[in-house]
Amino acid sequence: MNNASPPHLLDGLSELSPAERRQAVSLVVLRVWETPQVLLGDIPPEQALAAVAAIAAGLPEAQGRPWLDDRLRAAAIEGVTSDLAGRALCALDVLVGRDRESVPLELHVSDGDAAGALLDDLRDVLMDGIRLGR
């Protein structure tokens, strides 16, 4: 997960074995959750968001969502547990500023409303994954 461009991140994830992919995204979301300051240096926000999306994409609740395209489906994590979904949710909360430890980030997007809707939808999918206790 070296290139910070989301398409490259997803392509890189899809090239890993399922176990390596799971390990990579687990490490990213754990580091973001435990040490939000990594977003200012070691882990670009785009990389953290791609890791969260790969976890959400592995949940059955993601099926039929407009953001679940072929590239993300290929990078999805198999067998997402409620624990992993919870870590992804915590990392997402850090990214969007809902966590008290959040760091100030500026994510430049062309359509802020669409980006907000996507982030809310990712959160809903992760919350459902936790509630349903995988």
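Predicted model: local features only at pLDDT ≥ 70, side-chain atom pairs only at ≥ 80, totals over all residues.
Which residues in α2 meet which residues in α5?

**View 1. Helix α2 packs against helix α5.** Start by finding α2 at residues 18-34 and α5 at residues 82-96. Their axes lie 8 Å apart, and the two helices pack at an angle of about 45°. The pair is therefore oblique. If you look at how α2 and α5 cross, the crossing is left-handed.

**View 2. The residues where α2 and α5 meet.** Here is the reply to our opening question: α2 brings R22, S26, V29, L30, V32 and W33, while α5 brings L84, R87, A88, C90, A91 and V94. Sorted by class, this contact of α2 with α5 holds nine nonpolar residues, one polar residue and two charged residues.

**View 3. Helix α2 crosses helix α3.** Now stay with α2 and look for α3, which covers residues 45-57. The axes of α2 and α3 come within 9 Å and cross at roughly 120°. That angle makes α2 oblique to α3. The crossing of α2 with α3 is left-handed.

**View 4. The residues where α2 and α3 meet.** On the α2 side, look for V25, V28, V29 and V32. Their partners in α3 are Q47, A48, A51, V52, A54 and I55. By class, the contact of α2 with α3 has nine nonpolar residues, one polar residue and no charged residues.

Key:
Residues numbered from 1 in each chain as written. Heavy atoms only, no water. Axes fitted to C-alpha atoms, helices over the stretch in contact; angles between N-to-C directions. Helix = DSSP H or I, 4+ residues; strand = E, 2+ residues; numbered from the N terminus. Parallel < 35°, antiparallel > 145°, perpendicular 65-115°, else oblique. Left-handed = near helix turned anticlockwise from the far one by under 90°. Contact = heavy atoms within 4.5 Å. Nonpolar A, V, L, I, M, F, W, Y, C, P; charged D, E, K, R; others polar.
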